Protein chains: 2
Amino acid sequence: MGETLVKHITHDEILNMEKQERVHFANSLGGFKSVVLIGTQNNKMQKNLAIIDSILHIGSNPPLFGMVFRPGAVERHTLENILETGFYTINHITEKIHKQAHQTSARYDQGDSEFEKTGLTPEYKDHFFAPYVAESKIQLGIEFKEKVPISVNNTTLIIGEIIQIYIPEDSLNVDGFVDIEKANSITCSGLDSYHKTIQLDRLSYAKPNLEITSIIN
Amino acid sequence: MGETLVKHITHDEILNMEKQERVHFANSLGGFKSVVLIGTQNNKMQKNLAIIDSILHIGSNPPLFGMVFRPGAVERHTLENILETGFYTINHITEKIHKQAHQTSARYDQGDSEFEKTGLTPEYKDHFFAPYVAESKIQLGIEFKEKVPISVNNTTLIIGEIIQIYIPEDSLNVDGFVDIEKANSITCSGLDSYHKTIQLDRLSYAKPNLEITSIIN
């Protein structure tokens, strides 16, 4: 096997790309991403469902997650509903529903619900305001906490705290680790590429001068 | 096959977990994450390498990426170097180097370089100030742009712009998509679980009343 040829691309070359090419390119470079469905409704009980690939773990005590919204994006109803009502759900995507999940990114009319249009099922439980996705195996009920403006490109980071959690009982390990691969959660890259995973290993806590070991089995 | 039992966990139950259990738990819930090595050096040319699982795509024009730093974390030298010098590298992790990458999270003494300690090779090119990881197949040279404080838990979002890119030539598709699976990039979940991927599909741009199709082949 020969060496793989390396392509060098400069800042100017990115800026000179055709718009859609640059969007595909830049979205691919950060690595694999979390991909989830965000369930919301407004105070008139109109439901909304949006696929989001910018979930970011912000803290564990309390458990906080962030996500990014661009100005004028397809997901603007999601952002409006979160700011209006203070609640949303994060629902993991499995292989079985990844096409329906992707379809939620279509620009539907204001009055249309992505739940109805894609055939995914809204689920209400434990008096939580926002709808979960019934087909999702890992469901998180979130309360809005902070809106952080990012001035460099006029985007918004929305931070929320986990209030309710539903996970398959057999995915929760004794040390607190949730085996999301066992729960069939998938990952994405770029704008439109979906991937399932194969676990390589779980590795022991790293210390200087100590060899890392597998902590599975 | 029977139904999988669903476990319901409440906010109070999370807060009552033992600290390390809660950290494993909360880190798992957001889905699969990007996992990369951040290369920096200070103005005395002392090199630093840190594994980071909080890379976030912030924008494409210009191409911006964020990452989160907690106060007093192991990665604090990385943050100090970025703020002191203005430059860093993002290097994707492959299966081949995932144990060395994980080992960089050990709390080494101030004067020690994680490059030397883990056997990963610093690489300098095109007069870029910060070191790349030679073993990495996707390498990004980044210029620091904005420090965004997140007040709810005293963390910091660091945003930078891509200045230089090195990728395997055969991973770049004609539409701008970079096939990071083909480039052997891996993903992670929780604090310590590493996964390779199997692409399910790339899906067409979603429109109302139009069936999604595969855009591969």
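Trainee: Is B:Lys125 buried or exposed?
Mentor: B:Lys125 counts as buried, at 19% relative accessibility. Buried means under 20% relative accessible area, exposed over 50%, and partly exposed in between, with a 1.4 Å probe and protein chains only. One caution: this is a predicted model, where local features need pLDDT of at least 70, side-chain atom pairs count only at pLDDT 80 or more, and totals for chains, interfaces and linings use all residues. Residues are numbered from 1 along each chain as its sequence is written, chains are lettered from A and ligands numbered from 1 in the order in which they are written, and side-chain values use heavy atoms, with hydrogens and water left out.
Trainee: Which side chain does B:Lys125 meet in a salt bridge?
Mentor: That of B:Glu123, at 3.5 Å from N to O. A salt bridge is a side-chain nitrogen of Lys or Arg within 4 Å of a carboxyl oxygen of Asp or Glu. B:Glu123 is partly exposed, at 24%.
Trainee: What does A:Lys125 meet in chain A?
Mentor: A:Glu123, in a salt bridge of 3.5 Å, N to O. A:Lys125 is buried at 19% relative accessibility. A:Glu123 is partly exposed at 24%.
Trainee: How many salt bridges are there over all chains?
Mentor: A search of the whole structure finds 12. One of them joins A:Arg202 and A:Asp175, with the closest N and O atoms 2.9 Å apart.
Trainee: Which parts does that pair tie together?
Mentor: A:Arg202 lies in strand β13 of chain A, residues 193-202. A:Asp175 lies in the loop between β11 (155-168) and β12 (187-189), so the pair ties together parts 27 residues apart in sequence. Helices (H or I, at least four residues) and strands (E, at least two) are DSSP runs, numbered from the N terminus.
Trainee: Are those two buried or exposed?
Mentor: A:Arg202 is buried, at 5%. A:Asp175 is partly exposed, at 27%.
Trainee: Which residue of chain B is linked with them in a network?
Mentor: B:Asp192 is linked with A:Asp175 and A:Arg202 in a network of salt bridges.
Trainee: New topic. Why is helix α2 of chain B called largely enclosed?
Mentor: Because 8 of its 11 residues (19-29) are buried. Among them are B:Val23, B:Phe25 and B:Leu29.
Trainee: What caps its N-terminal end?
Mentor: B:Glu18 does: a side-chain oxygen lies 3.1 Å from the backbone nitrogen of B:Gln20.
Trainee: And what comes just after α2(B)?
Mentor: B:Gly31, with a positive phi of about 100°.

How values were computed
Polar contact = N/O pair within 3.5 Å; in protein donor to acceptor, adjacent residues only side chain to side chain.
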